[in-house]
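Hello,

Here is the structure I promised to pass on. Please open it alongside this email; my notes follow below.

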Amino acid sequence: MNAEIIAVGSELLTPYRIDTNSLYLTEQLNLLGVEVIFKSVVGDDLGQLVRAAQHAFLRSDIVVFSGGLGPTEDDLTREAVAKALGLALQRDAEILAALEQRFAARKWKMAANNAKQADVISGAIVLSNPNGTAPGQWLSGAFDGRERFIILLPGPPHELKALFEGECRERLRAILPPAVIATRVLKVAMLGESQVDARVAPIYKRYPDVQTTILAASGEIQLHFKTRAETSEAAQQRVNEVAGAVEDELDDFVFSRNGEPLEQIVGYYLQMRNATVSVAESCTGGLLAERITSINGSSRYFVGGAVVYSNQLKTELAGVPRAMIEKHGAVSPEVAAALAEGIRYRCESTIGIGITGIAGPSGGSPEKPVGLVFHSLASNSGTEVVERQFPGDRKLIRRFATQMALDMVRRKLM
């Protein structure tokens, strides 16, 4: 079965509120073997809600509404679903009495509009909400000749989660056919999205039952594989098959087989080789060190380093000769190499990394444009320098630069 989620509330159509409920619901439904094929956010407008509900009922087996069950005039989910199904709303005396008791226990007077929270769609099962005043509702039956399951849940996340886990999960499990969704994520370093797709499309097209998604991030491409089968073993075997074929094609461009970040993979290699690393950063301003130390246990392999923005500190902290900077400029392969060698010597690390470049938006020239970055890695076997021209704004260029540096360490230790 497939599912659809409709988040209700005009506040979710502003920049100030994020719909986190749909992420939780998607995770829970996937665990039950249900794929979410459509999500939408609809404002507090009865006509729009009715149309959204009707479209959802036509295309999805399970439709989950979140929000719009409150007491105010703009809480319209119950009314919209009832109208879309051609059913009546009936005020439930027991729910109304429980609402009145809840307010009385707190010595509050219940406002008249709270009574609408006792309105139940004809034929619906009431789902108890121990954390709020709005109960959920569960409906099942034929719509357009097919069986449909419709769930109405409150909007506050702590209410929605408790109600789904207490009232909905087992109901869904009881009606769902055996199915498990399995996923795999491969991450690829320093290749473009179109390059990756050109190489792997002939592979994943042979597996129409496996959904393949290619996502571009800063300095990496993510390949997400997902499929559904009757058992977890069958599903996982299928995604592993396509992921393995893709990995064989891309070879050492793949740095992660299970979604780990590059800094974590680099940490694995450093520990396996009993190696340490130090960094001298100019244009990245400490971002490389931050990424390395974001991994728990990084003190075992990260010695330290320096942020050497000024030419003076390049000399004082990383030992770059002043004459070299004057001759070649701070952004040059020579200075990058000297940064890597100097910081390695001072920190007594196995590997030294030097980065210098122009992150922009100012400071560029025709000879040395914004986005030009030199990366250097120094080790016992010598010093290597890589020149790259990165696109994007300052934030993106700095991220690309650290990704390149980390990938150099990974490849050195493979």
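The largest nonpolar core in this predicted model has 34 residues. Those with the most contacts inside it are Leu270, Leu288, Ile292, Ile353, Ile355, Phe390 and Val409. Six elements each supply at least two of its residues: the helices α8 (262-272), α9 (287-293) and α13 (394-413), and the strands β13 (277-281), β15 (351-357) and β16 (372-379). Which of them gives the most? That is α13, with nine residues.

Ile355 is worth a click. Leaving aside residues up to four places away in sequence, its contacts include Leu288, Leu339, Val373, Phe374, Ala401 and Ala405.

In soluble globular proteins, nonpolar side chains tend to be buried together.

Next, the cysteines. How many disulfides are there? The count comes to zero. Cys283 has 4% relative accessibility, so it counts as buried, the cut-off being under 20%. Cys168 counts as buried too, because its relative accessibility is 0%.

Now the sheet. It is open, has four strands in the order β10-β11-β9-β12, and pairs antiparallel. Neighbouring strands are turned by 30 degrees against each other on average, direction ignored.

Two bridges join β12 to β9 (residues 180-189), and the two strands run antiparallel. Lys187 has Ser256 of β12 as its bridge partner. Helix α7 (residues 232-250) packs on the sheet and touches β9, β11 (220-229) and β12. The direction of α7 makes about 15 degrees with that of β9.

Last, α7 has a helix partner. Helix α6 (residues 193-204) packs with α7 at an angle of about 140 degrees, their axes 10 Å apart. The crossing is right-handed. On the α6 side, the contact is made by Val196, Arg199, Val200, Ile203 and Tyr204. On the α7 side, Val242, Ala245, Val246, Glu249 and Leu250 make it.

Best wishes

Methods: Residues are numbered from 1 along each chain as its sequence is written. This is a predicted model: local features need pLDDT of at least 70, side-chain atom pairs count only at pLDDT 80 or more; totals for chains, interfaces and linings use all residues. Side-chain values use heavy atoms; hydrogens and water are left out. Two strands pair if DSSP finds at least two bridges between them. Axes are lines fitted to C-alpha atoms, for helices over the stretch in contact, and angles run from 0 to 180 degrees between N-to-C directions. Contact means heavy atoms within 4.5 Å. A nonpolar core is a set of buried Ala, Val, Leu, Ile, Met, Phe, Trp, Tyr and Cys residues joined through side-chain atoms within 4.5 Å. Buried means under 20% relative accessible area, exposed over 50%, partly exposed in between (1.4 Å probe, protein chains only). A disulfide is a pair of cysteine sulfur atoms within 2.5 Å. A crossing is left-handed if the near helix is turned anticlockwise from the far one by less than a right angle, and right-handed if clockwise.
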